[in-house]
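Here is a colleague's note to read beside the model. Please keep the structure open and check each point as you go.

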Amino acid sequence: APAIAQGNITWRMVTTWPKNFPGLGVGAQRLADRITAASGGRLTVQVYSAGELVPPLQSLDAVIDGTAEMSHGAAYYWQNKSPALSFFTGVPYGMTTGELTAWVRFMGGQEIWDEIYDQFGVQGFLSGNTGNQTGGWFRDELTSLESVKGLRFRTPGLGGQVWEKLGATVTNMAAGEIFQALQSGTLDAAEFVGPYNDLALGFHQVAKNYYMPSFVEPGLATELVVDKTKYQELPADLQAIIRDVSQAEYDQVSADFIANDPRALKTLVEDHGVQVRDFPADIMEAGAKASKEVLDGLLGSDDPLVKKTAESFVDSLKITRVRTERIDSKFQEARELYLDL
Amino acid sequence: MLRLIALLASGICRINWLIGQVFSWLSLGIVLVCFTVVVQRYVFGVSFLWMQDLYIWLSGAMFTAVAGFALMRDDHVRVDIFYRPARIRTRALVDLFGTVLFLLPFTGVVLIYSLPFVRRSWSYAEGSANVGGMPGLYILKSFIIAFAALLALQGVALICRSVLVLAGRRDLVPAAIRYPETGADAEAAAIEGMH
Amino acid sequence: MDPVLIGEILAGLMFFGIIGFLLLGYPVAFTLAGVSLMFGAVGWFFGVFDPSNFGALPNRYIGFMTSEVLVAVPLFIFMGVMLERSRIAEQLLLTMGKLFGNLRGGLGISVILVGAMLAASTGVVGATVVTMGLISLPAMLRAGYDPKLSTGVICASGTLGQIVPPSTVLIFMGDMLSGINSQVQMAKGNYAPVPVSVGDLFAGALLPGFMLVGLYLAYTIFKAITDPESCPATPVPAEEKANLLREVFSALIPPLLLILAVLGSILGGIATPTEAASVGAVGAMVLAALRWRLSFTILRETVIATATITSMVFIVLLGASVFSVVFRLMGGDNLVHEFLSTLPGGRLMAVAMVMAIMFLLGFILDTFEIIFIVIPITAPVLLMMDVDPIWLGVLVGVNLQTSFLTPPFGFALFYLRGVAPPDLPTWAIYRGIIPFVGLQILAIALLFAFPGIVTWLPRLIAG
Ligand code: NA
Ligand code: NA
C-alpha cells in the first residue's frame with residue numbers, strides 16, 4: 001500500500017465507550033496514544049468514541065467492513081456473531097482477571113480466539129480488564145432467592161441468562177438508557193461495571209442498595225480488534241508495538257480500576273448514602289448452579305468452535321482455580337481477618 | 001420507445017405501491033406488540049426480550065420498506081419555494097437532475113457498502129445482540145438493501161417521468177406520479193397556444 | 001496546501017453547497033446525501049477523505065432501525081393520525097368551541113387549547129397547520145372573526161405542538177442530546193454527570209409550552225377586550241346548549257384524559273415515552289371504536305399515513321447521516337468548534353449564533369432536517385461550554401417555531417395560504433402573525449433570562 005511506502009499510516013479506532021469513560025474510554029484513548037508515540041508517529045491512531053463514526057454496538061462490523069482499522073470494546077458484545085466470544089470477556093462464575101490472562105496468554109486461549117476471529121478477518125488482543133465487577137443496584141433490598149422473582153433487571157450476556165434462571169426478568173440496554181429506566185421504574189435493578197463507572201452513570205440517585213461482588217462478571221476483559229490483513233501488512237516492529245502496547249494497557253486498565261473503584265465506592269457511601277450489601281447465600285448458590293447450566297449448554301454446543309472454546313476454558317479453570325483458591329483466596333481471607341491497619 | 005418507458009415507470013410504481021400497501025400495516029403491528037409488552041410488564045410482571053426486539057425491528061423494517069412508496073407519493077419533503085410554482089417542464093428537469101446526481105449515487109453507495117455487511121450477517125445467521133432476543137437480525141439488515149433498491153427503482157420511474165414530460169408526452173406518465181398543474185403551466189399553455 | 005485546511009474548507013463549502021442545491025426543490029433527504037457524496041468524492045481527490053468511511057452508513061442505519069427510543073416516533077404518529085382521521089380531533093375542537101363560544105374570543109381560545117394538545121404529535125409543521133387550517137379557519141371566519149387574528153391563532157397554535165409534549169421533535173432531540181451530553185460530560189472529566197433523556201426533555205418543554213399557550217391566550221383575551229369586533233362571541237343555540245354537557249363528556253373528556261394519561265405516565269416516571277406512546281396509540285383506536293369510527297378504511301388510512309410520515313422523517317435522518325460522516329471526517333467538527341469557541345461574548349453569543357443560523361434555515365427547511373444537520377455538529381461544542389442540554393433543546397424548539405411563523409418566508413404561513421380561502425389576502429396572514437412573532441420573541445427572551453423555566457421541572461422530577 002502506498003501509505004506504508006511513505007512510512008506514515010493513520011488508523012481509525014472506533015470504541016464502544018464514550019470518550020474519557022472512566023477506565024475503559026480513557027484506556028482506549030491511552031492505548032491509541034501509546035501506539036502513536038511508540039511508533040514515533042509512523043502509525044497514528046485516531047480515536048472515534050461511541051457514536052462518533054458508528055453506533056457503539058456496530059464497532060466490530062466497522063472493522064470487518066474496513067470503515068475502521070481498530071475497535072476497542074468487549075468481545076461478549078458480539079455473542080450474536082459467535083457465542084464462543086463470551087469467553088474472551090468473561091463468563092458467569094468463570095475466571096478472575098489473573099486466570100483469564102493466564103488462559104489467553106499461556107493456556108491456548110489466544111489460539112482459539114484467533115481461530116474464531118479468523119472467520120471475520122480480524123485479530124483480537126486483550127486490552128484491559130475491569131477486575132471483579134459489582135453485582136448491581138437494587139431499588140429494594142434482597143432478602144432471599146424469593147425476592148429475585150419477577151425483578152426487572154438490566155444485565156447483558158450470559159450473566160443475563162443466569163439471572164433469568166434465578167427468576168429475574170432480564171433486559172439489556174445501552175449505558176445511557178439505564179438511568180432513565182431505573183428512574184422510571186421500568187427497571188427494578190441494574191448493573192454496569194463497578195463503582196468507578198457506576199458513579200458516572202448516576203444509579204445511586206435512584207437505587208441505594210449496592211450489591212457486591214458480581215458472580216456473573218468476575219473480571220471482565222476488554223479487547224482491541226484489528227483488521228487482520230492490514231495488521232499483517234505492517235512491518236514487524238509496528239505489529240509488535242500494537243501487540244505489546246495492548247498487553248501493557250491490559251495491566252494499566254486493571255490498575256486504574258484497582259486504584260479508583262475503592263475511591264469511588266467511598267464517595268458513594270459517604271456522600272450519597274449508598275448501602276453496600278452482600279447477596280444472600282441462597283442467591284449466590286443458585287447463581288452457581290445456573291452458571292453451571294449455562295456453561296454446560298456451551299460445552300454441549302453443536303458449533304464445534306463453541307464447544308472447543310468452552311472445553312479449553314473449563315480445562316484451564318480447573319487448573320488455575322487450584323492456585324487461586326488454595327493460595328490467593330486463603331491469603332485474602334487471612335488478611336481480612338488478622339491484619340488491622 | 002416512449003410507450004415502453006411509460007410501461008417501465010408504471011411497473012415500478014405498481015411494485016412500490018404494493019409494497020407500501022403491505023408494509024404500512026407493520027405500523028399497526030408496532031402498536032399492538034409494544035402495547036402487549038407494556039401490558040405484560042405492568043400487569044403480569046413478565047417480559048420477553050424477543051417481543052421487545054420485535055416491535056423495534058418492525059419499525060425499522062417499515063420505514064425502510066415504504067421509502068420508495070413515499071417517494072412515489074411525493075411525500076419526501078422538498079424545499080418548494082421555487083419548485084412548487086414552477087412549470088411542469090422545469091420540475092421535470094429538477095427531478096431528472098436530482099435523481100441522477102443525488103438519489104442514484106446515494107442508493108448506489110448504500111448498496112455497495114451494505115451488501116457485504118448484510119451478506120456477512122446471513123453467513124452466520126446473526127440474531128439479536130440481546131441474549132434471549134429475536135433471531136433473524138440478518139432479515140432486518142436486508143431491509144437496508146431493500147430500502148436502497150426500492151428507492152433506486154422509484155428513481156428510475158422518476159427519470160422515466162422526466163423523459164416523458166420533456167419529450168412532450170406528459171399524457172403517458174402513469175397516474176400515480178403525474179405532476180399537478182400550476183398557474184405557470186396554464187400561462188405557458190396560453191402562450192404556446194398563441195403561436 | 002495543508003490537508004487539514006483543505007478538509008475544513010471543503011466541509012464549509014459543503015454546508016453552503018447543500019443549502020444552494022436544496023433550493024432546486026429536489027427532496028431534502030436525497031439532496032443532503034447526494035451533495036455530501038459529491039463533496040466526499042472531491043475530498044477523496046484531494047486525499048482528505050477516505051471513501052471506506054461510507055462503510056459507517058449501514059452500521060448507522062441498523063443503529064436507527066434497532067433504537068428503542070426512536071420507536072416512540074411511529075407510535076406517537078399513529079396516535080395523532082388516528083385521532084385526526086377518526087375525526088376525534090375535529091369533534092374536540094367543535095365541542096371546545098361551543099364550550100367557550102359564548103365568550104368573546106372564545107373560539108380563538110379553543111383553537112389555541114386544542115392546538116396545544118393535539119398539534120404535532122406528528123411533528124410535521126405543514127401537516128398540522130393544514131389540518132388546523134382546514135378545520136378551524138372556516139369556522140372562525142364564519143363566526144365573524146378578523147381574518148388576521150384567525151390566521152395568526154391557527155399558525156401559532158398549529159406549530160406549538162412541536163414544543164408541547166408529547167412531540168416527535170423532542171424525541172429525536174432528546175435521543176441526540178442524551179448521547180452528546182454523555183460524551184461531553186466524560187470529555188470534560190465529569191464522571192458523575194446527570195444523564196439527559198427524552199423524558200427530561202418532555203419535562204423541560206412543559207412549562208415553556210404552557211407559557212406560550214398562556215401568552216397566546218392573553219393576547220386573544222386582550223383583543224377581545226380592546227377590539228371586540230375582531231373576535232365576536234358565537235352564541236350557541238338553546239337545543240345545542242342542552243346537549244352540551246353530554247357532548248363535553250363524550251367528545252372532550254376522553255381524548256383529554258388519554259393525552260393526560262400518556263403525558264402523566266412519562267413525566268411521573270411510570271413509563272418510558274415509547275411505552276406510553278403505545279398506550280396512547282391503542283387508546284386512540286379505542287376512542288375511535290367507541291364512536292364506531294374504527295372502520296377498515298380509517299385503519300388503512302391511518303397505517304399508510306403513519307408509515308409514510310415515519311419513513312419520510314427517518315429517511316431525512318439517513319440522508320443527514322451521509323452529511324455527518326463526510327462533514328465530521330473532513331474536519332468540519334474542528335471548523336465549527338473553532339468558529340463557536342472564538343466568538344466574542346462566549347457561551348451566550350455562541351448559543352445566539354447557532355439559534356440565528358437555525359432561524360434562517362427555518363425559512364427553507366422543516367424541523368427534522370434542521371435538527372438532524374445542526375444539532376450533531378453544534379451541540380457538542382455548546383455543551384462543552386456548559387450550556388444546559390435540556391435548555392438548549394427547548395430553546396431550539398421555540399426558536400424554530402418562531403422561524404416558521406416569521407413572514408415573509410415562514411413555513412407555516414405558506415401551508416396555511418395553501419388551504420385558506422382564495423379571497424383571503426396573503427397580507428392578512430402576514431399582518432395577523434406579527435403579534436404572535438412578537439410573543440415568540442418575548443418567550444425566547446424569557447427563556448434566556450430565566451433558564452429555570454425549562455430546567456426547574458426536570459430537576460424537580462429527578463429529585
Ligand atoms: Na457488568
Ligand atoms: Na405536542
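Helices (H or I, at least four residues) and strands (E, at least two) are DSSP runs, numbered from the N terminus.

1. Ground rules. This is a predicted model, in which local features need pLDDT of at least 70, side-chain atom pairs count only at pLDDT 80 or more, and totals for chains, interfaces and linings use all residues. Residues are numbered from 1 along each chain as its sequence is written, chains are lettered from A and ligands numbered from 1 in the order in which they are written, and side-chain values use heavy atoms, with hydrogens and water left out.

2. A proline in chain C. Start with Pro58(C), which is found in helix H3 of chain C. Pro58(C) counts as buried because its relative accessibility is 1%. Buried means under 20% relative accessible area, exposed over 50%, and partly exposed in between (1.4 Å probe, protein chains only). Leu318(C) is 260 residues away from Pro58(C) in sequence, yet the two are 9.6 Å apart in space, C-alpha to C-alpha. Leaving out residues up to four places away in sequence, Pro58(C) touches Tyr113(B), Ser114(B), Phe117(B) and Ile144(B). Contact here means heavy atoms within 4.5 Å.

3. Where chain C meets chain B. On chain C, 61 residues are in contact with 58 residues of chain B. The size of an interface is often given as the accessible area lost when the parts come together. Buried area is that loss (1.4 Å probe), summed over both parts. Chain C and chain B bury about 5,300 Å² between them, and 79% of it is on carbon and sulfur atoms. Tyr26(C), Phe30(C) and Met65(C) supply 15% of the area that chain C buries against chain B, more than any other three residues.

4. How many salt bridges does the rule find across the interface of chain C and chain B? It finds one. Glu275(C) forms a salt bridge with Arg41(B), and the closest N and O atoms are 2.3 Å apart. A salt bridge is a side-chain nitrogen of Lys or Arg within 4 Å of a carboxyl oxygen of Asp or Glu. Across this interface of chain C and chain B there are also 10 residue pairs in polar contact (both at pLDDT 80 or more). A polar contact is a pair of N or O atoms within 3.5 Å; within protein, one must be able to donate a hydrogen and the other to accept it, and residues adjacent in sequence count only if both atoms are side-chain atoms.

5. H13(C) gives the largest share of the side of chain C that touches chain B, 15 residues. By class, that side of chain C has 43 nonpolar, 14 polar and four charged residues. Ala, Val, Leu, Ile, Met, Phe, Trp, Tyr, Cys and Pro count as nonpolar, Asp, Glu, Lys and Arg as charged, and the others, Gly among them, as polar.

6. Where chain A meets chain B. Here 18 residues of chain A are in contact with 18 residues of chain B. Chain A and chain B bury about 1,600 Å² between them, 46% of it on carbon and sulfur atoms. The rule finds four salt bridges across the interface of chain A and chain B. One of the salt bridges joins Asp61(A) to Lys141(B), with the closest N and O atoms 3.9 Å apart. The side of chain A that touches chain B has four nonpolar, 10 polar and four charged residues.

Conventions:
Buried area = accessible area lost by both parts, 1.4 Å probe.
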